Amino acid sequence: MSIEGKVVIITGSSRGIGFSTAKLFAEKHHCIVTLCSRDIKRSVRISKKIKGNVFPVQLDVTKKSEIKMVIKAVISKYGTIDVLINNAGFPFDKNIWYKKFHQIDENDFLNILNVDLMGSVRMSQAVIPVMLKNRNGGVIINISSTPAVSGYHQGAAYTLAKSGNIALTKHISREYGSNNIRSYTLALGNISTEATYFSMNEKQRKIAENESPMKRWGRPEEVSTVAASLASNDFSFATGNTILVDGGFVMI
Ligand SMILES: NC(=O)c1ccc[n+]([C@@H]2O[C@H](COP(=O)([O-])OP(=O)(O)OC[C@H]3O[C@@H](n4cnc5c(N)ncnc54)[C@H](OP(=O)(O)O)[C@@H]3O)[C@@H](O)[C@H]2O)c1
């Protein structure tokens, strides 16, 4: 597996799974990684925690103007984009997550869809024209979640947005497969990050831990290593797939 020298953009890479993936791609695989946060100062600060070729940028995936600027900057610095990982997620909000479906405010739906789904759509639309010019095409990985596959009794807005990512992956794979653009969905289970494990009490952590047959939380790096494999030519004749990284919680 070699993705050495690949130009990679990872949205929402200031912490958690995005940061872990940026670190792995830059340090172990020697990729050129665009590290993104909505706050440029944070991007610069966090990029210093990674040894390798990291380009810190300010990127809010709800803002088309910022997307355009980032793509332009990456092209002018590195000439192309080989891999896009749509990882940015609307910050976990207990007040929305625990509400009954019929009580969720329309604005809350729209805000979550705007980041988790439309953010991936906007980024993919911006990056595909660049990948179409690549002889080797490109790879787009959309980060989704187990409820998008199995359904869940909470977090309806989140489930809808994450289901859209599965459809986005399939659409890109169908429409651009002949251009050698591959796409995948990673549907994640309980991965310990600030947004999840570190924002829960002991009881909530235990419940989550016991959900999967593996009876533990996943580590961000256990998502990053799968993303690196997918981005490589090891997966050259597989596209459109949803890969569950969840300790076996949901099986398809
Ligand atoms: N952890 C889990 O158990 C789990 C399970 C299933 C799916 N996921 C998905 O995996 C992804 C990463 O999760 P995580 O736990 O690492 O989350 P996290 O710690 O909350 O990180 C989310 C990232 O998204 C960025 N972000 C938020 N709003 C944004 C926007 N409008 N535009 C661009 N970036 C934005 C944040 O960056 P700044 O604040 O610096 O801008 C941050 O880097 C998310 O899509 C999440 O839904 C996670």
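Helix H5 and helix H7 (residues 156-176) pack at an angle of about 15 degrees, with axes 8 Å apart. H5 is therefore roughly parallel to H7, a term for angles under 35 degrees; over 145 counts as roughly antiparallel, 65 to 115 as roughly perpendicular and the rest as oblique. Axes are lines fitted to C-alpha atoms, for helices over the stretch in contact, and angles run from 0 to 180 degrees between N-to-C directions. Helices (H or I, at least four residues) and strands (E, at least two) are DSSP runs, numbered from the N terminus.

The model is predicted: local features need pLDDT of at least 70, side-chain atom pairs count only at pLDDT 80 or more, and totals for chains, interfaces and linings use all residues. Residues are numbered from 1 along each chain as its sequence is written.

**Helix packing**

H5 passes H7 in a right-handed crossing; a crossing is right-handed if the near helix is turned clockwise from the far one by less than a right angle, and left-handed if anticlockwise. Among the H5 residues that meet H7 are Phe-109, Ile-112 and Leu-113, and the H7 side includes Leu-160, Ala-161 and Leu-168. Contact here requires C-beta atoms, placed from the backbone, within 7 Å. By class, this contact has 13 nonpolar, four polar and three charged residues. Ala, Val, Leu, Ile, Met, Phe, Trp, Tyr, Cys and Pro count as nonpolar, Asp, Glu, Lys and Arg as charged, and the others, Gly among them, as polar.

H5 also packs with H3: the two axes cross at roughly 30 degrees, and H3 and H5 are therefore roughly parallel to each other. Their crossing is right-handed. Lys-64, Ile-67, Lys-68, Ile-71 and Ile-75 of H3 meet Arg-122, Met-123, Ala-126, Val-127 and Val-130 of H5. This contact of H3 with H5 comprises seven nonpolar, no polar and three charged residues.

Helix H1 (residues 16-28) packs with helix H9 (residues 220-231). H1 and H9 are oblique to each other, and H1 passes H9 in a right-handed crossing. The meeting residues include Gly-16, Ile-17 and Ser-20 in H1 and Pro-220, Glu-221 and Val-223 in H9. The residues of this contact divide into seven nonpolar, five polar and one charged.

| Helix pair | Angle | Axis distance |
|---|---|---|
| H5 and H7 | about 15 degrees | 8 Å |
| H3 and H5 | roughly 30 degrees | within 10 Å |
| H1 and H9 | about 50 degrees | 8 Å |

**The sheet**

An open sheet of seven strands has the order S3-S2-S1-S4-S5-S6-S7, with parallel pairing; two strands pair if DSSP finds at least two bridges between them. Strand S3 (53-58) and strand S7 (242-245) are the edge strands, each pairing on one side only. From one strand to the next, the twist averages 20 degrees. Strand S1 (residues 7-10) is joined to strand S2 (residues 32-37) by four bridges, and Val-7 has Ile-32 in S2 as its bridge partner. Helix H3 (residues 64-78) lies across S1, S2 and S3, running at about 155 degrees to S3.

**The ligand shell**

Which residues come nearest to the ligand? Of the 32 residues around it, these are Gly-12, Gly-16, Ser-37, Arg-38 and Gly-89. A residue is near a molecule if its C-beta atom, placed from the backbone, lies within 6 Å of it. H1, helix H5 (106-132) and strand S5 (138-145) are the elements that give two or more residues to this shell. H1 provides the largest share, three residues. By class, the shell around the ligand divides into eleven nonpolar, 15 polar and six charged residues.

Terms used. Two residues are in contact if their C-beta atoms, placed from the backbone, lie within 7 Å.
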